[in-house]
Amino acid sequence: MKLWGGRFTKETNQLVNNFNASISFDQKFYRQDINGSIAHVKMLSKQGILTDEDKNAIINGLEGILSDIESGALTIGDEYEDIHSFVEATLTERIGEPGKRLHTGRSRNDQVALDMKLYTRDEILETDALLKELLNVIINIMENNTETFMPGFTHLQKAQPITLAHHMGAYFEMFKRDRDRLSDIYKRMNYCPLGSGALAGTTYPLDREYTAELLDFYGPTLNSMDSVSDRDYLIEFLSALSTIMMHLSRFSEEIILWNSNEYRFIEIDDAYSTGSSIMPQKKNPDIAELVRGKTGRVYGALMSILTTMKGIPLAYNKDMQEDKELSFDAFDTVKGCISLFTGMLNTIKFNKSVMENSARHGFTNATDAADYLVNHGVPFRDAHGIVGQLVLFCIEKNISLDDMTIDEYKAISPVFEDDIYDAISIKTCVDKRVTIGAPGKDAMEKVIEINKKYLEEN
């Protein structure tokens, strides 16, 4: 069934019809379409445009369609052009003449704008809830690992000692910002386009404020042309999803590195890894690798909608139908990645002794050895050179700074005394970093409490 056939005398070419149709993908927002129609009908009745009898018949019919779709009793057929055609035709079949009045005072343009907004809004809330679950897993790891020492890296080179709690805290901040972005997008997009018509409103005395209220919007949109042609909110959401995937991909890359034989920092649970078809010793970090790989897929959806929208004049153009397929795929991809990554992270075993030994043998305490000399009156530039000699000595002997004897220290600089060992112990190096945001235990516990309060309130 076509909603626009009256002006045409010939049937559309089948290939054109298939190319034009969107039912194969826009059926995903059948619920949003039906709920939007119910709100529209309530408003029409309130304004005296529909009788109460017609209103009740239409709403009962729409609720029956929704129930039957969700129970599987009604299948959305691909002979319809789009989800709007399917719902209206099915309604008219079921209740007769009143069904033909459903579309009074609206266009498919403002109808699809509404459906896409409602669907995207729901996806924002679902994505946010999944991120919160991930943050709860991260905060739990942080609480239990304020004294799990490990090397911090720059350029993939061991740099300074930190804790696992501190490392995980960096990702907590990233995903917290992601949630902030989702909240901002929700607030900016939460205005109702229904009632904008095709582009210039309608002559019917609609109450757009009432429709917006019924659908939990802050209010109606204020320009009908912008209302039907705006996809900024979708671009923003896909951008936020791309950033989420970038964060997940960075995290996945570290999981993959830490899982390698060279690092052995972690062991991934069997439920989140696979083996090799030929090499029996292998335990592969497949989930982390797939999350890393699927990041490009989400980036592609963002670039697609940006490219689609860049040359479209006002108001609605059929190009905008391309906002759905890749976006829907991106929504599902991101939610799946967050969910699986959360499960994987929650079941990872951390090899704490391996992590600490890696910090000890990576000269991560070299900066603290230089600070020791500075605190004993040696100019920093000289201290830097002395510690460089210590590191070179240790490399030649295949030992760590902790393993050097006091005589070996004094041979390089007489300033060293027995207290150097406490000054460069990994625990001392970490715990004396007490400024907020640093890895010291006291500082980390303050941050953990801040983040726990954040999760309780948000």
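Mentor: Let's start with a term: a polar contact is a pair of N or O atoms within 3.5 Å; inside protein, one must be able to donate a hydrogen and the other to accept it, and residues adjacent in sequence count only if both atoms are side-chain atoms. Before we use that, note that this is a predicted model, where local features need pLDDT of at least 70 and side-chain atom pairs count only at pLDDT 80 or more, while totals for chains, interfaces and linings use all residues. Numbering runs from 1 along each chain as its sequence is written, and side-chain values use heavy atoms, with hydrogens and water left out.

Trainee: Okay! Which backbone oxygen lies 3.0 Å from a polar atom of the side chain of asparagine 317?

Mentor: That of alanine 315. Asparagine 317 sits in the loop between helix H11 (286-309) and H12; helices (H or I, at least four residues) and strands (E, at least two) are DSSP runs, numbered from the N terminus. Alanine 315 is in that loop between H11 and H12 too, and a cis peptide bond, with omega about 5°, joins leucine 314 to alanine 315.

Trainee: Is asparagine 317 buried, exposed or partly exposed?

Mentor: Buried means under 20% relative accessible area, exposed over 50%, and partly exposed is in between (1.4 Å probe, protein chains only). Asparagine 317 has 22% relative accessibility, so this residue counts as partly exposed. Its C-alpha atom is 9.3 Å from that of asparagine 109, which is 208 residues away along the chain.

Trainee: Now the rings. How many aromatic pairs does a search of the whole structure find?

Mentor: The search finds 17. Rings of Phe, Tyr and Trp (its six-membered ring) pair if their centres lie within 6.5 Å; planes under 30 degrees apart are stacked, over 60 edge-to-face, and the rest tilted. Tyrosine 119 and phenylalanine 331 make a stacked pair, 6.2 Å centre to centre with 25° between the planes. Tyrosine 119 belongs to helix H6 (residues 108-143) and phenylalanine 331 to helix H12 (residues 325-347), so this pair ties together parts 212 residues apart in sequence. Tyrosine 119 and phenylalanine 331 are both buried.

Trainee: And what does a tilted pair look like here?

Mentor: Take tryptophan 258 and phenylalanine 265: 6.0 Å centre to centre, 50° between the planes. Tryptophan 258 is buried at 3% relative accessibility, and phenylalanine 265 is buried at 1%. Rings can also group up: Phe29, Tyr119, Phe237, Phe328 and Phe331 form one aromatic cluster.

Trainee: Which ring does the charged end of arginine 121 sit over?

Mentor: The ring of phenylalanine 217, 4.6 Å from its centre. A charge sits over a ring if NZ of Lys or CZ of Arg is within 6 Å of the ring centre and within 35 degrees of the ring normal. Lysine 176 does this with tyrosine 454, at 5.5 Å from the ring centre.

Trainee: What about the nonpolar inside? Which residues of the largest nonpolar core touch the most other members?

Mentor: A nonpolar core is a set of buried Ala, Val, Leu, Ile, Met, Phe, Trp, Tyr and Cys residues joined through side-chain atoms within 4.5 Å. The largest one has 96 residues, and Ile138, Met168, Leu248 and Leu345 touch the most other members. Helix H10 (residues 232-259) gives the largest share, 14 residues. Apart from this core lies another, of 21 residues, including Phe363, Ala369, Leu373 and Ile386.

Trainee: Which residues of helix H14 are buried?

Mentor: In H14 (residues 366-375), they are Ala366, Asp368, Ala369, Ala370, Tyr372 and Leu373. Their cover includes helix H15 (380-397), helix H17 (420-423) and helix H18 (426-431). Just after H14, glycine 377 takes a positive phi of about 95°.

Methods: Contact means heavy atoms within 4.5 Å.
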